[in-house]
Amino acid sequence: KNNKIEGFEMEQTLEQRVSLAKTDELELERLLKQFRPLMLSTILKYRKPDDESIQIAAMAFVESIFSYDGSKGSFLALTRVVIQRRLIDYIRKESGVKASVALDEDEDRKKQIMSLVSRQKYEIDREQEERKEEINRLEAELDRWGITMQALGEASPKHKNTKNICRRAITAILSHFPWLEQMLKKMKVPLKEISLAERLNYRQLENHRRYIVAGVVVHNGDYLYLKEYIPLTVQEEGGDY
């Protein structure tokens with residue numbers, strides 16, 4: 001498809017995309033990929049994700065697509081309810097009876113959907129393994145700084161203003177090679193220099209030194225997934241992350 005068509009699809013509402021996905025397998029696959037975090041977070045409310053629960057959640061998501069009626073509310077609300085119900089059914093029947101998902105489709109279509117869900121499950125499993133590998137690498141790299149994952153969690157900024165200060169500090173180091181080199185070679189964080197150059201509160205920088213170190217390590221390294229957890233975009237006034 002050309003860029004113009006792809007751009008048009010990006011502008012479609014979620015409800016329009018859901019309607020399209022009923023007949024377009026490619027759009028169905030896109031939605032499954034986009035909503036993986038929702039499926040995983042829903043599973044985590046009840047148990048640790050495994051192959052069966054991931055498949056149940058994915059099939060429930062597909063079920064919600066095919067059962068969605070735009071005149072009866074939002075798709076997001078529907079799919080959350082359907083995924084939760086199917087997971088609860090599965091947990092209750094876990095003693096040996098497999099949970100089923102009611103798809104009113106012909107056998108060929110069901111096989112296509114099952115194949116699609118299986119591919120999505122495989123990709124989720126692969127991503128989870130890659131995330132684990134990234135966490136292990138980050139843990140080892142932060143150990144050189146005397147920073148544990150628990151300490152990093154405790155040092156993570158909670159308020160919008162503090163998050164912005166940390167993000168600006170991380171970006172400043174990454175964009176100024178002498179500061180980055182100082183960190184990588186001498187393992188010294190140039191907080192005083194950053195405070196003066198960026199007009200940031202030194203005490204706040206010092207209080208979140210471990211988080212700043214982790215942010216630089218992650219964004220300077222090969223951490224595709226962990227970069228999501230330490231965003232660099234400075235937040236506009238009036239919102240909250």
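Colleague: What is the angle at which helix α4 and helix α6 pack?

Modeller: Bear in mind that this is a predicted model. Helix α4 covers residues 36-44 and helix α6 covers residues 75-92. Their axes lie 10 Å apart, and the angle at which they pack is about 45°.

Colleague: Is α4 parallel, perpendicular or oblique to α6, and why?

Modeller: The angle for α4 and α6 is about 45°. Angles under 35 degrees count as roughly parallel and 65 to 115 as roughly perpendicular, and the rest in between are oblique. So α4 comes out, relative to α6, as oblique.

Colleague: Is the crossing of α4 and α6 left-handed or right-handed, and which residues of α4 make the contact?

Modeller: The crossing of α4 and α6 is right-handed. On the α6 side, the contact uses Leu76, Thr79, Arg80, Ile83, Gln84 and Leu87. By class, this contact has six nonpolar, three polar and one charged residues. From α4, the residues are Leu38, Met39, Thr42 and Ile43.

Colleague: How far apart are the axes of α5 and α6?

Modeller: Helix α5 spans residues 51-67 and packs on α6 at an angle of about 140°. Roughly antiparallel needs an angle over 145, so α5 is oblique to α6. The crossing is right-handed. As for the distance between the axes of α5 and α6, that is 8 Å.

Colleague: How many nonpolar residues are in the contact of α5 with α6?

Modeller: From α5 the contact takes in residues including Ile56, Ala57, Ala60 and Phe61, and from α6 residues including Phe75, Leu78, Val82 and Tyr90. Four polar and three charged residues belong to it as well. The nonpolar count is eleven.

Colleague: Which residues of α13 touch α10?

Modeller: Helix α10 (residues 177-186) and helix α13 (residues 209-220) pack at about 100°, axes 12 Å apart, and are therefore roughly perpendicular to each other. The contact has five nonpolar, one polar and no charged residues. α10 brings Leu180, Met183 and Leu184, while α13 brings Val213, Val216 and Asn220.

Definitions and conventions
Residues are numbered from 1 along each chain as its sequence is written. This is a predicted model: local features need pLDDT of at least 70, side-chain atom pairs count only at pLDDT 80 or more; totals for chains, interfaces and linings use all residues. Side-chain values use heavy atoms; hydrogens and water are left out. Axes are lines fitted to C-alpha atoms, for helices over the stretch in contact, and angles run from 0 to 180 degrees between N-to-C directions. Helices (H or I, at least four residues) and strands (E, at least two) are DSSP runs, numbered from the N terminus. A crossing is left-handed if the near helix is turned anticlockwise from the far one by less than a right angle, and right-handed if clockwise. Contact means heavy atoms within 4.5 Å. Ala, Val, Leu, Ile, Met, Phe, Trp, Tyr, Cys and Pro count as nonpolar, Asp, Glu, Lys and Arg as charged, and the others, Gly among them, as polar.
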